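Hi there,

Here is the structure I promised to pass on to you.

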Amino acid sequence: YAHQSDTGDSTLDYDADYYLLEGGLGYGSYGLRVGYEVLGGNDDPGTTGFQTPLATLHAFQGWADKFTTTPQAGVEDFYVGASAGFGDLALQLVWHDFQAESRVAANLPYGSSYGSEWDASAGYKFGEKKRYEALLKFASYQADEFATNTTKTWLQFTATF
């Protein structure tokens with residue numbers, strides 16, 4: 001849990017909360033996790049939602065990078081993920097449901113959705129001492145009330161010495 005608010009002589013009336021609840025189960029090289037992450041919104045005009053200027057939200061709120069800056073209405077992210085390892089192959093699949101945390105700021109009716117996203121990855125380590133890795137990533141964001149439909153694919157090679 002974290003809390004942000006205005007300070008000193010600020011003319012803004014800013015107040016936003018952050019929290020994350022996550023649980024998971026693992027068995028051998030298989031895993032399941034469920035989480036609920038909230039970056040709070042703000043109802044007052046001219047303000048923003050909970051901000052994390054030094055964070056890499058790519059790792060947390062979907063790989064399509066639709067929420068690299070928190071909207072004024074904040075973000076509720078409910079997600080379900082699965083992972084599996086098969087020797088040197090690591091697989092991951094995650095589904096996100098994004099909604100506005102503050103319906104007033106977003107001018108959205110209750111239950112409105114920003115959108116949803118599927119993320120998938122496959123990583124394979126190879127070579128002497130597994131110093132090389134090939135990683136294929138995929139993200140597909142389907143917009144409802146926020147941003148635009150987006151599909152991204154990455155192919156990455158890494159060498160460590």
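Let me start with a turn: β2 and β3 form a hairpin with two residues between the strands, and Gly-28 there has a positive phi near 60 degrees. Strands here are DSSP runs of E with at least two residues, numbered from the N terminus.

Before the rest, the ground rules. This is a predicted model, in which local features need pLDDT of at least 70 and side-chain atom pairs count only at pLDDT 80 or more, while totals for chains, interfaces and linings use all residues. Residues are numbered from 1 along each chain as its sequence is written, and side-chain values use heavy atoms, with hydrogens and water left out.

**The sheet**

Eight strands make an open sheet in the order β1-β2-β3-β4-β5-β6-β7-β8, with antiparallel pairing; two strands count as paired if DSSP finds at least two bridges between them. At the edges are β1 (2–5) and β8 (150–159), each of which pairs on one side only. Neighbouring strands of this sheet are turned against each other by 15 degrees on average, direction ignored. For that angle, the axes are lines fitted to C-alpha atoms (for helices over the stretch in contact), and angles run from 0 to 180 degrees between N-to-C directions. As a reminder, strands of a sheet pair through backbone hydrogen bonds, either parallel or antiparallel.

Here are some of the pairings, with an example bridge for each:

- Strand β2 (residues 15–27) is joined to β3 by 10 bridges, running antiparallel; Gly-24 has Arg-33 in β3 as its bridge partner.
- Strand β3 (residues 30–39) is also antiparallel to β4, with 10 bridges, and Leu-39 is partnered by Val-75 in β4.
- β5 and β6 run antiparallel and share 10 bridges; Gln-92 stands opposite Ser-121 in β6.
- β6 and β7 pair over 12 bridges in the antiparallel sense, with Phe-138 in β7 as the bridge partner of Ala-120.

**The β6–β7 turn**

Five residues separate β6 and β7 in their hairpin, and Gly-127 in the turn has a positive phi of about 85 degrees. Which residue in the loop between β6 (115–126) and β7 (132–143) would I look at next? Lys-129 is found in that loop, and its phi is positive at about 55 degrees although it is not a glycine. Lys-130, in the loop between β6 and β7 as well, likewise has a positive phi of about 55 degrees without being a glycine.

Are these two lysines buried or exposed? Lys-129 is exposed, with a relative accessible area of 65%, whereas Lys-130 is partly exposed at 40%. The classes are buried under 20% relative accessible area, exposed over 50% and partly exposed in between, using a 1.4 Å probe and protein chains only.

**Aromatic rings**

How many aromatic pairs does a search of the whole structure find? It finds 13. In one of them, the ring centres of Phe-78 and Trp-95 are 6.4 Å apart and the planes are at 75 degrees, so the pair is edge-to-face. This pair links distant parts of the chain, with Phe-78 in strand β4 (residues 75–86) and Trp-95 in strand β5 (residues 89–99), 17 residues apart. Phe-78 is partly exposed, with a relative accessible area of 34%, and Trp-95 is partly exposed too, at 25%.

The cut-offs: rings of Phe, Tyr and Trp (its six-membered ring) pair if their centres lie within 6.5 Å, and planes under 30 degrees apart count as stacked, over 60 as edge-to-face and the rest as tilted. One aromatic cluster is formed by Phe-67, Phe-98, Tyr-114, Tyr-141 and Phe-146.

The charged end of Lys-137 sits over the ring of Trp-63, 4.3 Å from its centre. Lys-137 also lies over the face of Trp-154, at 5.3 Å from the ring centre. A charge sits over a ring if NZ of Lys or CZ of Arg is within 6 Å of the ring centre and within 35 degrees of the ring normal.

Finally, Glu-76 belongs to strand β4 and is buried, with a relative accessible area of 17%. Its side chain makes a polar contact with the side chain of Tyr-36 at 3.4 Å. A polar contact is a pair of N or O atoms within 3.5 Å; within protein, one must be able to donate a hydrogen and the other to accept it, and residues adjacent in sequence count only if both atoms are side-chain atoms.

Notes: Helices (H or I, at least four residues) and strands (E, at least two) are DSSP runs, numbered from the N terminus.
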